[in-house]
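Student: Please help me read this structure. I would like to learn what the terms rest on.

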Amino acid sequence: MNMLSLQAEGRRPDIIIIDELHMLCDEDRGGILDLFMGKVLSMRWQDEVRLIGITTEDKGADTVKNFLRSLGKPVSLLSIPHRPLPVDHYLLAGEKTSLIASLRGTVDGISQREQRRIARELYTEENVRFDPLVMLNSRHPEKHTPHKKVIAVFDSIAAIYRAVESLSSCRLKNADGEVFCTPGTVERLKEALETSFINGDEKKILLKGIQAGIFVYYSPLDYTLREEMARAFQKDCDKTQILLTTEALAYGVNFPADAIYLTYLRESDPVAGAREGNFIKRNLFFNILGRAGRLGKSTHESACCAFIALSGSGIPLKNDIRYVLNLYGEDSAFRVKTLDRDAEDGILARDTVRSLDDVSFITFRSALDALRFVASNMEGKRTTVREVRDFLERSMYGWQFCAGEDLRKRRENLETLLSALYGFVFDACLFQKNRLVESSSYHEDTLYSCTDLASALIDTGTSWKAIEPMSQWLQDIAGFEKPLPVELLLVGMLPVEELWSSIRSFDMLSRDINVSPTSIESNERAREWLRQEVKKTLPQGADGESDVDRILKAISDYVEHSCADLILSPRHKQMPDHATRLNSFSRLLAALFAWARGASSDEIQKFAFPKDKRDLANSFSPRYGERVCWLCLLCLRFFSKTREIRLCPEHEGALQNLAMRMRYGVPSDCIPLMGTGKYQQNRTAVLMFRERFGTNLQTVMQHSVDSYIRIRGDLEKLSERKYAVIQKNAVEHYCRAAVDLCALLMRGNFSETTKSSFEQLQAFFQSYKPSWDDAYDGLEGIKHVKDALCGIPREDLFSSRWIGDELIIRSKRKGSSAWELVIVLLDPSDTLVKAQCSLQRQKDAAKDREAYEEAMSCQSRLKEIGDVKSVRERIKNMNSARELIYVWLPWNTLHDIPAPQLPALNLMSLALLLRQLEETGLTAVCKWIQRQKANGPSHLRIQQLIAGSLDSEAPEAIEGLRTSLSGDILQGVLQMEDPVFPYMNC
């Protein structure tokens, strides 16, 4: 919305629809939604936008209506009094059930008398618990209509697997030849299981469940497998089918459920495992139960049920009953929590909030986001607290805060609250040298502005507390003579609370206090595991053991001095000793390293156990990688702009790539193959493809589908269709990266011709659409590429023109040397086009062996065009004052040309080098190319220049290239080069 406020008229929205409007009261998301509405209502064009909110809560709708009317907005309230499908809600305590609501419209309140009757009916001193087996014969308690589609929501993945084992064993034991899932569905799910990121034991359990008509659905499950499970559950079947899920189902997922079982009421700690946490929130409670009886999805439209399962006995059971019944009573106050109540009371009343450490992240994020938005619309990008207060008064939070008598006093309190918060951020010791908020005086007012460092925290949803462990690790490794592999930045991210609080549940040590303190044998095993993973991150040729020992020593010192307050488990009465803490830290870090290099689930899971024991509850979740992905982006955005502790150029260029690796769990060369949206590939399938072919972006683009089929062999797990999708993903990834890099390279003060050339190059990649029906359409755009390359060098300083297939660049400067830079595209000649088209026609007509052999012979002749010997001869015969480089065009249109075993640049890397001619000079560029080519093909890469791999003769102009480029341009270059030329061995 901050960016939307600056958009041109034609790009502004006409309608904004907000679903689940009652989420305004949610502690985590409510503030974001409230500020979003406030920003919309503060825009100059607010009257031209229609705002539509959808909610199931009458009180929430009335509150929002009154808020909008207070701003003078016309409001229409459309209320639907009747629910399309009625649903009966029951409390379930062991074998007892009690009807608490029959939903025909909105939730009707339960009288106090009725609440007491239900409580007496269900109360017991005996311990009750939910038995999953009741779902096998689920039916309406009063109408006795059987339920064909049943959903059960559990509080953990471990509980899901226990339920799958229990249900499938019972059902298959008494099956007597019954079929609960069609053979075709079982085969599809079996194939999806084989390429999914879950360990072998889990696969066996899920396969047994599938055969029994028991399916699972939870967020960390592979996308392909999750969708296949959902599809199988929705198919018609005579037998009762059961879907076991987590709260992932609560928002926006519609399944044909006749009955839903909510098996827990309290949030359980993922480590402690005890159900002693807070009650689940009202929004989540009703969203889960609302999955039953969806219009057009239910098989029994008059018998839909929602069961709330109780557990425990005595007073705890009574408290659970009271909590549920209160939810069905009168609606609680609809209060927005953009700034939390603790901050309000602590600052305005009790004075218990005295520094940034006492402020929650929710309040921190909202206060700074409001400041950033208001300041961005002010001249000078600075604003007063009073103007931020005026903006918040156009949000629901500010409206509620200032409601009531003595409006003036309430407005003063809101201004005092904001002023104190900005003061805490400005005075925070951690940010004295790297400010999150800048402050200056203007007459009697104090002006504040939000820095890029604060924006990095807000946009990545990360607490400011994440900065300290990261900065400490960057300080610790600053003394190394050469930069460490970028993967080792994960050491500073692991202790961050947002990551540590979840990933520690992967560690068996955090679940079983009997293994603490750890044994010497366990400590040695953890150290050896980490040693092996660290060695795999080091580049070839590194001084192996000595480098690894130094890194392990640095990690041990970091854990001892900077991670002394890490909590392994709330169940531990005392803080763990250093050996125990280092044991757990080492295994979790090794698991992250293994995930980033694409290790299998079974290989990663071994890191969870300090001893030889296994537990299905300890599967490595892709959500850990997702969290690390955001921390990588935070690290890049924050520490590339700090004053003292900064990222080195190598890390600045590679962090975004590491973020993508952590998100997908694959090495760099697999990222282009993953795809997005409906074309996103399964992680395991892509890794299997890589293992089979040793592939990367370059080789994928070279192989046609036909050539893939010829060398496919007995690999049955990857279909031809899946290969075609992977190839399409690779080409589109390359084109997206090229478009982004063109936009970056257009920045700065360049001539109109140069900018126009980059725009032309960008347009080419934007319009390029890979087609396998007519494989050579892409060559039509080569003319545009040639024109664009010719126009990049400044025309008043350089002459550049195409002579045949050579682009020749000379300097126009007086007194400059006679050097010429000769660039050859590899190889867009008419001969190549004709040969390829001829080959395609013969392949289409190949109906017998003879015709096929003729086509293969034509292909051999085609490859002679890119013959290495002829190219090397051409280089040998060149004038000594000329420097020739080849440019590789690695999309599928040229897939039959062999990889260039000669010095060749990536197309966009060449564009970058041409853009730098003005600053570095032609002679310097040619001499650098000459030296790099002498070292072999893998050295003719812009990455070598960025990384500082220059010999002592490197001119200062070339050396300045690294410092003149911003981090995003560096990353764009690496994104283009890494997958295309992955350390070629020539």
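**Cavity and sheet**

Student: What makes residues of the lining of the largest cavity nonpolar, polar or charged?

Tutor: The lining holds 4 nonpolar, 3 polar and 2 charged residues. They are Phe 180, Cys 181, Thr 182, Thr 185, Ala 232, Lys 235, Asp 236, Cys 237 and Gln 241. Ala, Val, Leu, Ile, Met, Phe, Trp, Tyr, Cys and Pro count as nonpolar, Asp, Glu, Lys and Arg as charged, and the others, Gly among them, as polar. So Lys 235 and Asp 236 are charged here.

A word on the source: this is a predicted model in which local features need pLDDT of at least 70 and side-chain atom pairs pLDDT 80 or more, while totals for chains, interfaces and linings use all residues. Residues are numbered from 1 along each chain as its sequence is written, and side-chain values use heavy atoms, without hydrogens and water.

Student: Why is it called a cavity?

Tutor: Because on a 1 Å grid over the protein atoms alone, a 1.4 Å probe fits at its points but cannot get out; lining residues have an atom within 4 Å of a point.

Student: How do you know which residues on the two sides of strand 8 are buried?

Tutor: Buried means under 20% relative accessible area (1.4 Å probe, protein chains only). In strand 8 (residues 259-262), Ala 259 and Tyr 261 on one side and Ile 260 and Leu 262 on the other are all buried, so both faces are covered. A strand is a DSSP run of E with at least two residues, numbered from the N terminus.

Student: What makes strand 8 and strand 9 a pair?

Tutor: Two strands pair if DSSP finds at least two bridges between them. Strand 8 and strand 9 (residues 304-309) have 4 bridges in the parallel sense, so they pair. One of the links joins Ala 259 to Cys 305. Strand 5 (residues 149-153) also pairs with strand 8 in the parallel sense over 4 bridges, and there Val 150 partners Ala 259, while Val 153 partners Leu 262.

Student: Which order do the strands of the open sheet take?

Tutor: The 7 strands run 4-3-9-8-5-7-6, with mixed pairing. Strand 4 (96-103) and strand 6 (214-217) are called edge strands because each pairs on one side only.

Notes:
On a 1 Å grid over the protein atoms alone, a cavity is a set of points where a 1.4 Å probe fits but cannot get out, and a pocket is an open set with protein on both sides within 12 Å along at least five of seven lines; lining residues have an atom within 4 Å of a point. Buried means under 20% relative accessible area, exposed over 50%, partly exposed in between (1.4 Å probe, protein chains only).
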